[in-house]
Amino acid sequence: MYDYSYEDREKNKRQNINKNAAEKVLQRYGLFLEDYGLQLLRIQKSINESFNIFESPVALKLKPKENTSVLELIDTDNKVLNKILIVFTTLCLEVDSLETEGKQKYLNEILYYGEGYEFCSTQEEPQLLISRLLPILQDVIGFIKRCNQVLVHIVQQIAAFYTFSSENPKIFSAADVHLQEVFEHIGKLLTLIITFDEVINSHVTIKDHFSIYQDTVQAAIQDTDKFNMDVNKLINLDKMLMDIEKNLLRGKLFYNSLHLPFEKRIPIKKHAVLADEFSLYIKTSCSRLEMNILANKDVMSSWLKTCATYVLSIYLFGSTDKKLFKYVWEISKKIPCVTIYGSIMWFPDKFLQQYLGHLTKQIVDIKTQEAVDSSRTSFVSQSVQTLTKKVQMFSFQMFSWTVQIEVCLQQDLCNFKSEDMKIMCNLLCEGVQLSSKMQCFLNTLTNLHGALGKPMTKSCVIILCKLVENVKAMQYMYSRHSVVIAKAVHHMIQRFTYQALSIIATVKVCFNLNLLETFGMIKFLILIISLYVHSFGRQKFHKNIINFFKIFK
């Protein structure tokens, strides 16, 4: 019995030792796995942060600026031409500057106001939020006033241009001269004002918070002892709020622009030549856009410019051609909507009804007006039905473009010939156009669903997600080959410059040299304005002007 008990105890002892050893080993192994897992997570996190193709470790944003002034760039033998060119070029550049300032400084601040604060926890939070936005709203008022000043100045300068030409035909003749680029910038400026109107009108949160803040200020004026505030400061604050509400929050920015004092110096209403130029620009824009409706984002936004300029022309001259109005209305029926900024939608037919209601009632019957709404709904349903085929077509085009651009950019840039550079330029431009088409279609369909209050089906959302993948895939291709593309940019600019010079040289052959000596320089003014506006900031522009004039000698 004794021996058995001793062996049993020894056996139990060995079992306990083995068990404790196993537990310690298991514990160490668990700590090892935990530590190893943390190391893997850190490695994965560092890889994700380091190899994000859309976030370069070092990003350089270079924006060249032209050191030479406009006065030095514009130098012709005709002093009258110099003055005209300087005036219109400066005004066009001012419009571009205003557009950049409005989009970068103000529109995003207004559009994304209140993001993350949809459900305010305290009663004071809306007032704190709107108080931070008040300085921006004050700046927007001054910004819109500047836009209106530039608008009046452009219209007066165009009127003065054609008035001087008609009164002094021997000194300067503007026959067959059409300032299309200047009218284009009028539409761009009006579009900017409409964008502010639509963004502010669609933002209910700003108006609600502003109303709460305004009521609080008025209550503080009534009981200054309770709030321990200076009465004069509160009265000035209340006046500022009333100014913001009157000039900004009532949705009449574009309406006020239509009623600006355009006839301070030159009578505009009876200026027949100016009215004909407005009409010519609108007809030209309509015919150009009609062929490319819904093709890309630029075409859709261009229609907004055309409609805004058309409305301005009617308010300036007080009358219009009924055939032209029907033409504009028919094109508006084909364009269901335009995404002007973010998710903000603009409807052409509603815009014309709002500002040209008297003409709409006279020329367009009620059934035709109602048919536009039904056509918008049918556009959504037809787009959903053909969505699968359309996305497949986009995918095929994207895959084809990807293969071609991959083969092209893998070649050595030093060995590129003229034909290779032509192919690369065309492919890069095609990629931008295709991506723009897909993005325009995606924004139009999704925003129109939201505007009409029509929910999307699950299958429709999945297909649209595939379309987003296509856009991101093209973005990835440009990012992956960004170094090669950056090296080729200067070659591409030279290529496009050569194409422009070749086109102008071909046009020169079609003209009579006597006509060129008579008014060729005046016609060429329009081309220079367009080129200068789009080429401002390029150091070689001065040489391009010299080359252009050498061609026409």
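**Aromatic rings in the predicted model**

Student: Is Phe-254 buried or exposed in this predicted model?

Tutor: Residues under 20% relative accessible area are counted as buried. Phe-254 has a relative accessible area of 0%, so the residue falls in the class called buried.

Student: Which kind of aromatic pair do Phe-254 and Phe-351 form?

Tutor: The ring centres of Phe-254 and Phe-351 lie 5.5 Å apart, with 45° between the planes. Planes under 30 degrees apart would count as stacked and those over 60 as edge-to-face, so the rest are named tilted. The pair of Phe-254 and Phe-351 is therefore tilted.

Student: How many residues apart are Phe-254 and Phe-351?

Tutor: Phe-254 belongs to helix H9 (residues 253-258), while Phe-351 belongs to helix H13 (residues 348-355). The pair thus links distant parts of the chain, and the separation is 97 residues.

Student: How many aromatic pairs are there by this rule?

Tutor: Two rings pair if their centres lie within 6.5 Å. By this rule the count for the model is 15 aromatic pairs.

Student: Which helices hold Phe-183 and Tyr-281?

Tutor: Phe-183 and Tyr-281 form a stacked pair, at 5.7 Å centre to centre and with 20° between the planes. Because the two residues lie in separate helices, the pair ties together parts that are 98 residues apart in sequence. Phe-183 lies in helix H5 (residues 180-202), and Tyr-281 lies in helix H10 (residues 272-290).

Methods. Residues numbered from 1 in each chain as written. Predicted model: local features only at pLDDT ≥ 70, side-chain atom pairs only at ≥ 80, totals over all residues. Heavy atoms only, no water. Phe/Tyr/Trp six-rings, centres within 6.5 Å; stacked < 30°, edge-to-face > 60°. Helix = DSSP H or I, 4+ residues; strand = E, 2+ residues; numbered from the N terminus. Buried < 20%, exposed > 50% of the residue type's maximum accessible area, 1.4 Å probe, protein only.
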